[in-house]
Every structure is written in structure tokens, then in C-alpha cells.
Amino acid sequence: MNKLLITLIMFSIAVFSDSMQAGADTARRDYGIIKNHASLHARLRSVDMRDVRWTEGFWADRFAQTRDVTLPRLWELASDRQKGHAIQNLRIAAGIEKGQFKGTDWQDAWVYKWLESACYIYAVTSDRELNEQMDDIIDVIARAQQPDGYIASQTTARGRERFENARHHELYTMGHLITAACIHHRITGKTTLLNVARKAADYIYDRFKGREPKLADFPRNPSIIMGAVELYRTTGEKKYLDMANFFVDWRGSRYGKGRRNAWGVVTSGSDLNQNWRPLRKETEVVGHAVFFTYLYAGAADAYMETGDKTLLDALQRLWTDLVEKKMYITGGVSPMHRALPVRSFRPGELTAISGDSIHEGVGAPYQLPNDTAYNETCGQIGNLMWNWRMLAITGEARFADIMERNIFNSILSGIEVDGDGWSYTNPLRWHGPGHVLRSHDAHKRFDPGQRMICCPTNLMRTVASWHNCLYSVSKNELWIHHYGGNVFHGKLADGRKLQLTQKTDYPWEGRVRITVDAVESGDAFWILLRIPGWAKDATLTVNGKAAKVECRPASYASIERKWAVGDVIELDLPMPVRMITANPLVEHTRNQVAIMRGPLVYCLESIDVPAGVRFEDICLPADAKWEVQRESDLLGGVIVLKTKAVVIDKTATKDIGGYRQVSDVRPHHIDISMIPYYAWNNREEPKMTVWLPVRW
């Protein structure tokens, strides 16, 4: 009996066994995105994916769009031989069909993130056809795996040597496989994909435990750390946690005599992938945004299991550096397309990194250009994932504030409002059809194919699972982090059942009404509601009476009560239009303002400016008066902000080159209308800006 036939028989037995359990398994806990219910060093525990259902409003619409438009569209593209070719690559690696590998070295991750997204949607819909679709592609994945557990079609389908180059991203794609497998098992109860993931993780553990010097630059993109911790949480096998900690510790060697990592290996360390200085000793965020956010998210996962304070201290320090010096108002965290490394060196250290360069990452402190901003969507998603874990560790509202800033602005900006069409970069200024394109910029939103493939599926899995980030529980507390029309039907950490309904038109309006629909009898417990950092003068009532609790911005308002069916909490978060200035050290935005309302950053597009006005001459008066107007038929339904802007007409005489001497200035007013930044570039290709000069 040949090997392929044996593999088919074994897989069929596993599928049959899983199908017999499926009915019972759907009643099991799925533990949400991160299974930290037993993590000793997490203050907050995830609720189950099935505990929360969108009911109406902004996020209900986007979940439905993800289910009905984005998920099938990205499957169609992944299956297209001329475009994605992602599924064909796995079929070639499995020996199911003949052909040549096409696409990026991380094409497999397209399939794994699609699977993870499908799991989140299946948890809500229980769609039989979607379940069968997942089974079919898992069959292909299982057959593509090598007998020793290795799986990476970018290598096997091309006949490459394994781990010959960190840029081949084998550990990155296997990291996403492992994460998807954990979610698939916990939601469906099946072990078909989990068995593949365990076999792959066992192979990685054995391959890297010898600490070979030539492997010291792996992984380049460290999704394997989050995947390994999640596999430990899912299976209870400690060696997977040990593997995650190994990869955290393995990172951080660098050039130079006597500069060795913990195992005495000298390597060509690089700031690009945070491999110049050990994480625990790092003082500033450097390098590729996806690399550092995935590394820090994985280290936060590891901390929840080990309680290693040196890790948490480093993560807190790096978070402050990023948020205060290197993050855009939209939450974007990768200003640079390409740059030389810029870091602060300690006395006695080398002051240059030979041959090193940074792409898709951070630059120097306060180096935040607008029209050349890179801001890869995946970087912002990594930032959200890191902050979700920091929130679980600490219960501090500042981390939820960053999540909100990311999801509403620099993540949703990566997809068209109709759910079909994506952008890789998210600049804060655009010069229209004449804009000079840099790496991965595009005049129009695109379909992923054999390049620029990572962001669409990453964004999809984020939106598909966002409802799991709304709530957490602790011993006798329910935490409400984010707002949207939904029903929570779950349990507190002590096992008591609770059902709530949240009604709100957030993010357009700040009124949130929460009704207790069912509650199991018992002692009083706390409900904690996040007061966003932008929310001044928030008020909170219970059953119509003012709650005796402080509603301080960037904190949680805590209400203890013996809750009863019919109790109503009403939170009011005023949403005036706000003018925001940046730190004056950010030269690109000095004497300019950005406009926000609630959690949303707004932008101006030239399509909303009167004809004949030069876009670059527009500025805002410091005392601008704003009209807030809902336009249900515009960009999927948005609130626009209207005001009188100032246009400065200047009479100037030529000086030298492109410079002019101003001799006369004549300001006049025009009407403008600003839209949420996430919805830019959905109408033709107008000019756009987030920051506008201010006339004080």
C-alpha cells in the first residue's frame, strides 16, 4: 500500500471521528482568540467566541460584509491560477497536481489566515457548507505536510533546501498554520488541522533545540511565537511554551567581537528584525513593524504563562517609546518605506550597522512623514494584537484605547467600504493621480495576487474576530472594552451565567445602553466600562440614576451591584469635533491640525472642495465652527464634518528656483466637508490629507 493511500485512509478516519464528535463539540468552550483562562499572569480572561453576537450597527454591518463578500472573494482569488495560486501551491506540494510554485514566500499564510477567518465566522453561523469547505482545504494541507512534519510549499514545491534563507519565511507560514489549527480545533472540536500543527511544531522544536549558529536569524517574522504559546494553551504540552520562549530569547544577537547571544553565537544582527539587541535589554522600537509587533505580542503571550517580569518591563518600555514618539494619529506604526537604521547607541557600542537597512518600519523618534507614510495594514493589526495582550495582562484602558484607534482608522482604511479591494499602505496625505508611488503604494485599491498578499487576509481575520475583543472577565468582574450593537451571553469567571444586550450607534454617537437580560443569582459583582481617553465629561447612570463612580478618561468606570434582570446601564460619551495638534518635534505636522470626532480620525479629499481651489492652499481657522451631518448614502453611510475653511491667495514674485517672495495675502472662505479617514480613496482618486495648516 503506497504512502499516499495510507495518508488518505488515516485522514478519512480522522474526519469520520471528528464528524461523530462535532455535535457534542459545538457545546464546548472555544475560549476566544487567546485561550488565557488558565494563564496565571493575566488579569483578564477572554470570553468565548460564541458568547458575543453582533446585532446591529457599524460592526454588525462589517461582520456581515466579511461573511458575505470578503471571505468568498479571498477564497476565489486564492484559488485563481492566474492570480493567487495559493491553493495550487499546496496541492503541488501535496503531489495532488503538477505545476510550478507561484507567488510570495509567504503565500501559504493566505490559506491559513483564510481558514482562521472562516473559523470565526463559522462560530457564529454554524454554516455546514463553510465547515465542509474548511475540511476540504485541511485535507490538502495535511497531504502537503512532509513525513517529518515540515510544511512550507514555498520550499518543497520549488525543491529548495530547508532554512537556507530567513527571507523564505518558513517559520512565519507555519506560525500562522499553528494559530489557525488551535482556533479550528477549539471552535469545531476537530483534530485534523491540529494534528498537522502539532507535527509541524514537533519538527520545529527538534530542528531548533540544537541552537545551530546558522539558524540564529530565524524567524524573520516571528508569528511562530504566538502560535507556539497558543498551541501550549490548547494542548497543555509545555515544550511548545518552551519553544516560544526559546525564540524570544534567541532573538537579539548582533555584529561585533564578543557580541554573542545567550548561547555564544555571533550573528549578523539586524535592527530590521530586532536581532541587534536582546528584547529584555532593548530601549527603543526598531525595524519592520510586523516583525516587532508580532515579536512583542508573542512575548506578551509568553509573559502571561511565565510571569517573567523582565519581559513585561521591556514591553512596557517599548510600548511607551512607540506610542509617544513613533505612532501616527491614526495608530499607524510603520512610517518608512525604506531607511537606514536609526537608533540611540550606548557608550562603547558600534555607531553603525554595516549593510543594514530598514523597510516597512519605524524611523527616528518623531519622524512621521505624511505623503510618504508606509503604514502597512499588517503592522497596525500587529499593534492591535500586542495591545490586546497587554490589556489582558494589566487591565489598563490605555491599551484598549490604542486598539480602538487602530481598528477604526489605520486598519479599516486598508479595505474598500464595499469589502472588495484592498490597500497595502495607508499614508496620511495623497497627491492624487500624480502621487509618486513608492513600494506597495497603488493609485487604486487592488486584489491580492502573487504579491502584496498578506494584508487582505490579516484584515479579514481581524474584523471577523473583533467581537471577541469587546468583553473580558475576571474573578467577579465583567469588563466592557469596546462598544457596538451586540448581545453577550456567557459566564463570569466564577461560572455564573449572564446575558446583556448592548444598543448603540457607536462610533457615530456616544450613547450606549446596556440591559441585563438574564443573570444567575449570587453575590454582587462588578461591571467595568471603558471611558475612552478622548471622552471628556462622560456620564453613567444605572436605572436612570447617576452612578456614584468617576468617569475619568482613559480608565474603567466600575459599578458593583447585585444585578437583576431589567437593570439598565446608560453611558454617554460626548463627541464634540476636536482639533488635534502633534508634538512640535514632529516637523511634518508643525502648525497643522488633525480633526477627530469620537474614535474617528477625519480627512479632507479634493472631491469635497470647490472647483478651482488649489488643495494645498486650504487651511482651517482655529475657531472653526462644525456642522455634524449624517449621509446614509455616502461611503456605506458616514457622518461628515462640514465647516468654513480658509484659502490663502498670495501674490508672489519669483525669488530663486521654486521659491517666491510673498508681497500680498488675500484670504477667503470656502465650504469643505471632511470624511472618516478609513473611507478615503473610495471615490475616484482625489487628493487627500489628514493634517491641515491652521490659522490661529
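Colleague: Among contacts between residues at least 6 apart in sequence, what share joins residues at least 24 apart?

Modeller: In this chain, 69% of them do. Contact means heavy atoms within 4.5 Å. Keep in mind that this is a predicted model: local features need pLDDT of at least 70, side-chain atom pairs count only at pLDDT 80 or more, and totals for chains, interfaces and linings use all residues. Residues are numbered from 1 along each chain as its sequence is written, and side-chain values use heavy atoms, with hydrogens and water left out.

Colleague: Noted. How many helices and strands does the chain have?

Modeller: There are 15 helices and 24 strands. These are DSSP runs, numbered from the N terminus: helices are H or I with at least four residues, strands are E with at least two.

Colleague: Why call the chain as compact as a globular protein of that length?

Modeller: The radius of gyration is 26 Å, close to the 26 Å from the globule rule for 696 residues, so the chain is as compact as a globular protein of that length. The radius is taken over C-alpha atoms, and the rule is 2.2 Å times the number of residues to the power 0.38. Along the principal axes, the C-alpha atoms fill a box of roughly 90 × 65 × 50 Å.

Colleague: What percentage of the residues is buried?

Modeller: Buried residues make up 60% of the 696. Buried is under 20% relative accessible area, exposed is over 50%, and partly exposed is in between, with a 1.4 Å probe and protein chains only.

Colleague: New topic. Which residues of α3 are buried?

Modeller: Ala86, Ile87, Gln88, Asn89, Leu90, Ile92, Ala93 and Ala94 are. That is eight of the nine residues in helix α3 (residues 86–94), so the helix is largely enclosed by the rest of the structure.

Colleague: What covers them?

Modeller: The cover includes α2 (58–79), α4 (107–125), α5 (128–144) and α6 (153–156). Gly95 follows α3, and its phi is positive, near 80°.

Colleague: Aromatics next. How many pairs does the count come to?

Modeller: The count comes to 28 aromatic pairs. Rings of Phe, Tyr and Trp (its six-membered ring) pair if their centres lie within 6.5 Å; planes under 30 degrees apart are stacked, over 60 edge-to-face, and the rest tilted. Take Phe58 and Phe408: their ring centres are 5.5 Å apart and their planes are at 55°, so the pair is tilted.

Colleague: Where do Phe58 and Phe408 lie?

Modeller: Phe58 lies in helix α2 and Phe408 in helix α14 (residues 397–411), so the pair ties together parts 350 residues apart in sequence. Phe58 is buried at 4% relative accessible area. Phe408 is buried too, at 3%.

Colleague: And what kind of pair do Phe163 and Phe218 form?

Modeller: An edge-to-face one, 5.5 Å centre to centre with 90° between the planes. Phe163 sits in the loop between α6 and α7 (170–188), and Phe218 in the loop between α8 (192–208) and α9 (223–235), 55 residues apart. Phe163 counts as buried at 4%, and Phe218 at 7%.

Colleague: Which residues do ring pairs link into a cluster?

Modeller: Trp54, Phe58, Trp59, Phe408, Trp466, Tyr483, Tyr506, Trp508 and Tyr678.

Colleague: Last one. Is Asp321 buried or exposed?

Modeller: Asp321 counts as buried, at 9% relative accessibility. Asp321 is in helix α12 (residues 309–325). Leaving out residues up to four places away in sequence, Asp321 touches Thr283, Glu284, Val285 and Lys326.
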